[in-house]
Amino acid sequence: MRSMAVGLMLHATAAAAATDRALAPAQPTTISPLGYTFEVGPMIAGLCACAAVRFYVAKTEAEHRWTVDLPVTGLALMFTAAALIGHRPEPLAALMWGTGFGALGAGIIKIALAWVKRSSGMFEPADETPRQRVRPAEDDRDAIDAAVRRLDAED
C-alpha cells in the first residue's frame, strides 16, 4: 500500500514537471473602488483595529454620548482608510495605523484644524500683517508629525 502511494506521488510530480507549470506565488487581493487601488487584507485589518479601539474608548468612558462618538468614529475610519490607501502598508503596519487613528479620535479634528490654519491664509486676521504662508509638507507623515509637535508645544 505504501509503495503505491509513493508511486502515485512520483507520477504526479513527474506529470507536473512534464507540463513545465510552476505554481505562481500568491498575490494579495487588490481592489480599486473610485480609482484608488489598495490591498484588501491590510484595509480590513486597519479598519477593524480602528473600530475596535473606538468601541473600547466608548465603553471605558464614564459618560458616553453616541451622538458625539459616531461622527468621530466615522472620521477616524475615513482617516484610517485614506492613510492605508496612500501608504499601502503591510498588515501589521495597517493595524498600527488603525489603532492610532482610533485612539486619536477627536484629536484628529485638532490636528486637521492646525494643518488647515498652517497651510492656508483663511484664518489670518485682516488687520495684521499676514504671516508667510507655509506650504503643506511633501509627505503626509511629516505634516502629521509637525501638527502633533505644535499641539504638544501649545499644551
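1. The side chain of Thr73 makes a polar contact with the side chain of Arg54, at 3.5 Å. A polar contact here is a pair of N or O atoms within 3.5 Å; within protein, one atom must be able to donate a hydrogen and the other to accept it, and residues adjacent in sequence count only if both atoms are side-chain atoms. Thr73 is placed in helix α3, and its relative accessibility of 13% makes it buried. Buried stands for under 20% relative accessible area, exposed for over 50%, and partly exposed for what lies in between (1.4 Å probe, protein chains only).

2. The model is predicted: local features need pLDDT of at least 70, side-chain atom pairs count only at pLDDT 80 or more, and totals for chains, interfaces and linings use all residues. Residues are numbered from 1 along each chain as its sequence is written, and side-chain values use heavy atoms, with hydrogens and water left out.

3. Helix α3 covers residues 66-87, with Trp66 in it. Helices are DSSP runs (H or I, at least four residues), numbered from the N terminus. Trp66 is partly exposed, at a relative accessible area of 43%. Together with Phe55 and Leu70, Trp66 forms a nonpolar surface patch of about 350 Å² of accessible area. Such a patch joins nonpolar side chains (Val, Leu, Ile, Met, Phe, Trp, Tyr) within 5 Å, from residues with over 30% relative accessible area and no salt bridge. A salt bridge would be a side-chain nitrogen of Lys or Arg within 4 Å of a carboxyl oxygen of Asp or Glu. The areas come from the Shrake-Rupley method with a 1.4 Å probe, and for residues only the protein chains shown count as cover.

4. Rings of Phe, Tyr and Trp (its six-membered ring) pair if their centres lie within 6.5 Å; planes under 30 degrees apart are stacked, over 60 edge-to-face, and the rest tilted. The count by this rule is two aromatic pairs. Phe79 and Phe101 form a tilted pair, 6.0 Å centre to centre with 40° between the planes. Because Phe79 lies in helix α3 and Phe101 in helix α4 (residues 91-104), this pair ties together parts that are 22 residues apart in sequence. Phe79 is partly exposed at 33% relative accessibility, whereas Phe101 is buried at 8%.

5. Trp97 and Phe101 are stacked, because their ring centres are 5.8 Å apart and their planes stand at 25°. These two residues are four apart in helix α4, so about one helical turn separates them. Trp97 is partly exposed, with a relative accessible area of 21%. Phe79, Trp97 and Phe101 form one aromatic cluster.

Notes. Patches are made of residues with over 30% relative accessible area and no salt bridge: like charges are joined within 9 Å, nonpolar side chains (Val, Leu, Ile, Met, Phe, Trp, Tyr) within 5 Å.
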